[in-house]
Amino acid sequence: MVAMLHLRLITPSEMTGEVVRLVERTVGTAHLVVLPDAARDPAGDVVMCDVAREAGDELLAGLRELGIDTSGSIAVESIDLSLSERADKAEADAPGEAADAVLWEHLGDATHEESTLSITYLAFITLATMIAACGVVLDNAILIVGAMAVGPEFGPLAGVCTAIVQHRPRLAVRSMIALLVGFAVAMAVTVGFSLFMDSVDLFSEQRLRADRPNTGFIYAPDWFSFVVAVLAGTAGMLSLTSSKSGALVGVAISVTTVPAAANAAVALSYGDTKQTWGSTEQLLLNLLGIIIAGTLTLLTQKWLWTAQRRRNGKP
C-alpha cells in the first residue's frame, strides 16, 4: 500500500503561483489540482495535491514559510487507498521510508489535543484509577490490565517529550498541568471511592495488607520498573509518530502508572504510609522513564531523518 497524504490548500491568489512551484519541485508529490477563485472564506484559490508521507514534513514546512497557514489554510488527510501509478512513482521517488518519517506538524497538533486538561481526560483517568483500585484490593490482574488500557496519561507524557524536542514551553506546561492535575484529581476521588467501598464492606484493610502475588509489584519499585518504563516509552513514541495505534494500546497496558496511583490512593485511605510511598515512587519512576525514553526516541528520529535528507542533497 502506498503511504500518501492529501493536502487541500486555500491560498491568496497572488501566492498561488509560488505555492504551485513549491509543490512541483518537492520530490514525492502527485495529482496537483488548482481551482482558481474557488475559495470564499478566506477568499482565494484552492490547491490540492498528494504527497508521499516521507516528503510531507518538507512540504508542510515550506508552506508554513510562505505563510499559507496564516493567510489561507492547510488541511492534511491520510489516504487509505490510492490506485495510481503516479502515486506509486511519487512514493518511490521520495527519499527514505514512509514508516520512518515523522510529521512534526501532525505530532505537535496531536499532542496538543491529547495533553489538554479537559473534563473527558479527567473522567477517563479517574475511572481508570478507580478500576485499578478494585484490582489492587482484589489482587485481580485482569482489572489492572483494564485500568491500564483505559488510562489516557500517555497523551500528556508524549506532549512533554514533544515540547522538549521542539522547544515549545507552552506545550510542556500544558502537558505537565494535565499530568499532575489529572493524577491528583484521580487519586483524590479514588480515596473517597475507597472509603465508600470500605463502608459497604467491599474493600477492607486486611485485603490491602494481605499477600498479593498478582499486584504486589505495584508498590515495590525496582530497576525492572524503570527498564520497562523506558522500553514502553520508546515503543509508545514510535507508535505515535508512525500512527501504529495498536502498538500504543500495548504500551498502555505495559506500565503501572494508573495502578500505582490507585494503590497509593487506597493505601492512603487506610493510613498505610509504606504502600502509599512505595506506590508513589513506582508512579514517579514510570513517568520519568517514559519521558526520558520518549524524548530520546524523538531526538534520534530527528537526527536520523536529518541525516537522510543530507544524504539526498536536502538542506
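The legends below accompany close-up views of a predicted model.

**View 1. Strand β3 and its two pairing partners.**
Strand β3 comprises residues 43-52. Strand β1 (residues 4-11) is joined to β3 by eight bridges, and the two strands run antiparallel. Within this pairing, C49 of β3 is the bridge partner of L7. Strand β2 (residues 29-40) also pairs with β3 in the antiparallel sense, here over seven bridges. V47 of β3 stands opposite V34. Two residues lie between β2 and β3, and these strands form a hairpin. Eight of the 10 residues of β3 are buried, so the strand is largely enclosed by the rest of the structure.

The patch is formed by L117, V173, I177, V181, V185 and V189. Together these residues have about 410 Å² of accessible area. One of them, V181, lies in helix α9, which covers residues 169-199. Residues three or four places apart in an α-helix point the same way, because such a helix has 3.6 residues a turn.

**View 2. Helix α13, an enclosed segment.**
Helix α13 spans residues 257-269 and has 13 residues. From its first C-alpha to its last, α13 reaches 19 Å, close to the 18 Å expected at 1.5 Å a residue. Because 12 of its 13 residues are buried, α13 is largely enclosed by the rest of the structure.

T297 belongs to helix α14, which covers residues 273-311. The relative accessible area of T297 is 9%, so this residue is buried; the cut-off for that class is under 20%. Leaving aside residues up to four places away in sequence, T297 touches T234, M237 and L238.

Technical notes
Residues numbered from 1 in each chain as written. Predicted model: local features only at pLDDT ≥ 70, side-chain atom pairs only at ≥ 80, totals over all residues. Heavy atoms only, no water. Helix = DSSP H or I, 4+ residues; strand = E, 2+ residues; numbered from the N terminus. Expected span 1.5 Å × (residues − 1). Buried < 20%, exposed > 50% of the residue type's maximum accessible area, 1.4 Å probe, protein only. Patch = residues over 30% accessible without salt bridge, like charges linked within 9 Å, V, L, I, M, F, W, Y side chains within 5 Å. Areas by Shrake-Rupley, 256 points an atom, 1.4 Å probe, with all protein chains shown as cover. Salt bridge = Lys/Arg side-chain N within 4 Å of Asp/Glu carboxyl O. Pairing = 2+ DSSP bridges. Contact = heavy atoms within 4.5 Å.
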